[in-house]
Amino acid sequence: MRIVSPKPFTIEAGKRAVLLLHGFTGNTNDVKRLGRYLAERNYTVHAPLYKGHGGDPLTLIQTDPIEWWNSAVEGYDELRRRGYKEIAVAGVSLGGIFSLRLGEERPIKAIVTMSAPALDKSVDSLQQRIISYTINYKKLTGTYNEEVDKPENIARTYKMPKLQYLQNIINDTSAKLNKIDKPVHILRGLNDDEYYCKSADFIYNSVNSRIKSVKSFIRSGHILTVDKERELVFEEVYRFFESLDWEE
């Protein structure tokens, strides 16, 4: 079975711009519905696809986390190239930590993080994401073999050598959160792993923003933008952006 690879997308709908960032092993489909929701309410949105994501896991493991970060920066630069001066950013999971990193390094209007990792985590747990991604990809393409594609076999064949560097990016970003003074809204799902719930508290306590808040979604897990309460999440993101004092 041939699957259609996800692509970056841009919807120009207004003077206010939002950069949407997906997570590790995710893709732009994870933020597409949020993007459409915001565009229908006169926000221009742009979502880059990180290098190596959205396709063959062999391609993914041959990329470097710094290339994913560069994809996020290029997305920001694309909005600036199109003439948008005030850019907010909203990210899911790794996209959330990239959103915060952009807030540390670039002029950002405001930040929404959703299920962002901000604490130290084992490389083994990151490698587990690669295993799950590979198994799901094989099932989607009809190439999954239950006997051959056991997790232990996948772990050997699809080992990503630079995952420690990914954790280093997360740790480095978390260590500089006090640089952020723009409005920050932190969203988490209470059905998510406790690690991400604790990360939300850490982000809240570390940023230097005068306007900052945490919102929990009782019935949601990790990818808030596609889970049971996604419409509530979309509304929450929109209301937060609407509360800001944008240039007209």
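Visitor: By class, what does the lining of the largest cavity have?

Guide: The lining of the largest cavity has eight nonpolar, two polar and two charged residues, where Ala, Val, Leu, Ile, Met, Phe, Trp, Tyr, Cys and Pro count as nonpolar, Asp, Glu, Lys and Arg as charged, and the others, Gly among them, as polar. This is a predicted model, in which local features need pLDDT of at least 70 and side-chain atom pairs count only at pLDDT 80 or more, while totals for chains, interfaces and linings use all residues. Residues are numbered from 1 along each chain as its sequence is written, and side-chain values use heavy atoms, with hydrogens and water left out.

Visitor: How many cavities of 30 Å³ or more does the count come to?

Guide: Rolling a probe the size of a water molecule over the atoms shows where empty space is left. On a 1 Å grid over the protein atoms alone, a cavity is a set of points where a 1.4 Å probe fits but cannot get out, a pocket is an open set with protein on both sides within 12 Å along at least five of seven lines, and lining residues have an atom within 4 Å of a point. Here the count comes to one cavity of 30 Å³ or more, and about 80 Å³ of space lies in the largest cavity, a volume being the space filled by probe spheres set on the points, which are joined across faces, edges and corners.

Visitor: Which residues line the largest cavity, and which element gives the most to that lining?

Guide: Phe24, Ser93, Leu94, Pro117, Lys121, Leu126, Arg129, Leu166, Gln167, Ile170, Tyr195 and Tyr196 line the largest cavity. Two or more residues of this lining come from each of helix H5 (123-141), helix H7 (163-175) and helix H8 (194-206), and H7 gives the most, with three residues. Helices (H or I, at least four residues) and strands (E, at least two) are DSSP runs, numbered from the N terminus.

Visitor: How much space lies in the largest pocket, and which residues lie nearest its centre?

Guide: The largest pocket has about 500 Å³ of space and is lined by 21 residues, of which Thr25, Gly26, Asn27, Tyr133 and Asn136 lie nearest its centre. By class, its lining has eight nonpolar, eleven polar and two charged residues. Helix H1 (29-39) and H5 each supply at least two of the lining residues, with H5 giving the most, six residues.

Visitor: Is tyrosine 133 buried or exposed, and with which residues is tyrosine 133 in contact?

Guide: Tyrosine 133, in helix H5, counts as buried because its relative accessibility is 12%, given that buried means under 20% relative accessible area, exposed over 50% and partly exposed in between (1.4 Å probe, protein chains only). Leaving aside neighbours within four places in sequence, tyrosine 133 is in contact (heavy atoms within 4.5 Å) with Thr25, His53, Gly54, Gly55, Pro57 and Leu60. The C-alpha atoms of tyrosine 133 and proline 57 are separated by 7.1 Å, although the two residues are 76 residues apart along the chain.

Visitor: Where is aspartate 64 found, and which residues does aspartate 64 touch?

Guide: Aspartate 64 is found in the loop between helix H2 (57-61) and helix H3 (65-81), and with 14% relative accessibility it counts as buried. Not counting residues up to four places away in sequence, aspartate 64 touches Lys162 and Tyr165.

Visitor: Why is strand E2 largely enclosed by the rest of the structure?

Guide: Strand E2 (residues 16-21) is largely enclosed because six of its six residues are buried. Both faces are covered, with Arg16, Val18 and Leu20 buried on one side and Ala17, Leu19 and Leu21 buried on the other. E2 and strand E3 (residues 43-47) pair in the parallel sense over four bridges, pairing being assigned if DSSP finds at least two bridges between two strands; valine 18 has valine 45 in E3 as its bridge partner.

Visitor: In which sense do strand E4 and E5 pair?

Guide: Strand E4 (residues 87-92) and E5 pair in the parallel sense over four bridges, and valine 92 stands opposite methionine 114 in E5.

Visitor: What is phi of asparagine 42 near, and what is phi of serine 115 near?

Guide: Most residues other than glycine have a negative phi. Asparagine 42 has a positive phi near 70 degrees, and serine 115 has a positive phi near 55 degrees. Asparagine 42 is in the loop between H1 and E3 and, at 52% relative accessibility, counts as exposed. Serine 115 lies in the loop between strand E5 (111-114) and H5 and, at 1% relative accessibility, counts as buried.
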